[in-house]
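Good morning, everyone. Please look at the structure on the screen while I go through its parts in turn.

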Amino acid sequence: MDIVFASAQEAEPQAWIEALRDALPGARIRLWGDGQPEGHADFAVVWAPPADLFVREPRLRALFNLGAGVDALLCLPGLPDDLPLVRLEDGGMAVQMAEYTLYHLLHESRDFGRYERQQAEVLWRPLDDIDRAAWTVGVLGAGAMGARVAQACAALEYPTAVWSRSGRAVPGAESYGGEAGLVAFLARTRVLVNVLPLTDATRGILCRRTFEQLRPDALVINIARGGHLVESDLLAALDSGRLRAAALDVFEREPLPPAHPFWSDARIRVTPHVAGASLMDRTVRQIADKIQALNRGEVISGVVDRNRQY
Ligand code: NAP
Ligand code: GLV
């Protein structure tokens, strides 16, 4: 069995290759572009792979993504229509996404920014007690990431809801589904957390129309994809006071260009696409288990539905 590893962003690809070799003894695993003979790979393990992958590796039986979101893979020129794409089903990202959300939720709901300013002024002044009912959390997406984010917020007794295509239930959260459920979901939400996949149906969902339907003084947390956000609408909603703040981990252009206005906007907290990193041990174990299952002729989970795009 031949496996090619191709990750444009991975600083230490050799460590991943060693981990794959440990998990799949007997497999021939090589790094894309290492000069060894090409064209024999059965499987590719990738993140932002080169566009000529499919020309140079025409025998692939499946393409394993090193992350949850497959939007970039689906845009790759030459991607064969019948090649199964397998997304990562929580390679340790979900708990990090929950941490990220809680950090920003708590910062706003407990007014920790104000305490930081008070410390700078040597000011001892307790603020009002927290009113959890005023901090309704709404999570867009109820999959591996969304469910964990929602459960973390609900565990701290923030009134929490999830919105998904199917109206999937998440313990501890109210559940809304489809276009019909979106209006009611937004109307009850003050802290909007986006963990949807980027698809034709979800692109630009964080826009003026959405912001206008939220409860006043809202917080937006985008940890899914930059393509979900209409940047000019976010700035306008912050300027008008419709939104109080935003926490953004993902951007239409990454790295975020140095001259981008988000960098210097005190109402926006920027992180460099780190909300939920794929952890090597869990990721490699999951992919190796699925490769072994395919070799036994079994059906695996996480295969992307090309029509739904996730
Ligand atoms: P997932 O398990 O496939 O879940 C996707 C969820 O979105 C499902 O609940 C699905 O509804 C819902 N959904 C999809 N299209 C929809 C639509 N048109 N309307 C309403 N709901 C819709 O995906 P995941 O593993 O949770 O990952 C979600 C996304 O998070 C990824 O695609 C990626 O972009 C992002 N992510 C970012 C980071 C980071 O570091 N920033 C890390 C990991 C993931 P159903 O349940 O009805 O199918
Ligand atoms: C990260 O962005 C992922 O999709 O896993």
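Predicted model: local features only at pLDDT ≥ 70, side-chain atom pairs only at ≥ 80, totals over all residues.

The residues lining the second largest pocket divide into four nonpolar, one polar and eight charged. In this count Ala, Val, Leu, Ile, Met, Phe, Trp, Tyr, Cys and Pro are nonpolar, Asp, Glu, Lys and Arg are charged, and the others, Gly among them, are polar. That makes a lining of 13 residues, and Ser109, Asp111, Leu127, Asp128 and Asp129 lie nearest the centre of the pocket. A pocket here is an open set of points, on a 1 Å grid over the protein atoms alone, where a 1.4 Å probe fits, with protein on both sides within 12 Å along at least five of seven lines; lining residues have an atom within 4 Å of a point. The volume of this second largest pocket is about 280 Å³, taken as the space filled by probe spheres set on the points, with grid points joined across faces, edges and corners. Helices α4 (93-109) and α5 (112-120) each supply at least two residues of the lining.

Residues are numbered from 1 along each chain as its sequence is written, chains are lettered from A and ligands numbered from 1 in the order in which they are written, and side-chain values use heavy atoms, with hydrogens and water left out.

Let us turn to the sheets. Helices (H or I, at least four residues) and strands (E, at least two) are DSSP runs, numbered from the N terminus; two strands pair if DSSP finds at least two bridges between them.

In what order do the five strands of the open sheet stand? The order is β2-β1-β3-β4-β5, with parallel pairing. Strands β2 (28-31) and β5 (85-86) are at the edges with a single partner strand each, so one side of each has no neighbour in the sheet. Helix α1 (residues 13-23) packs on this sheet and touches β1 (2-7), β2 and β3 (43-47), its direction making about 175° with that of β2. Contact means heavy atoms within 4.5 Å; axes are lines fitted to C-alpha atoms, for helices over the stretch in contact, and angles run from 0 to 180 degrees between N-to-C directions. Helix α10 (residues 280-295) lies across β1, β3, β4 and β5, at about 165° to β4.

Parallel strands β1 and β2 are joined by four bridges, and Val4 stands opposite Arg30 in β2. The β-α-β crossover from β1 through α1 to β2 is right-handed: with the strands pointing away from the viewer, the path from the first strand over the helix to the second runs clockwise. Strand β4 (residues 62-65) pairs with β5 over two bridges, and Leu63 has Leu85 as its bridge partner.

The other open sheet has seven strands, in the order β8-β7-β6-β9-β10-β11-β12, again with parallel pairing. Here β8 (174-177) and β12 (268-270) are the edge strands, each with a single partner, so one side of each is left without a neighbour. Helix α9 (residues 231-240) lies across β11 and β12, at about 145° to β11.

Finally, two details of the backbone. A cis peptide bond joins Glu254 and Pro255, with omega about -5°; Pro255 is in the loop between β11 and β12. Val122, in the loop between α5 and β6, has a positive phi near 50° although this residue is not glycine.
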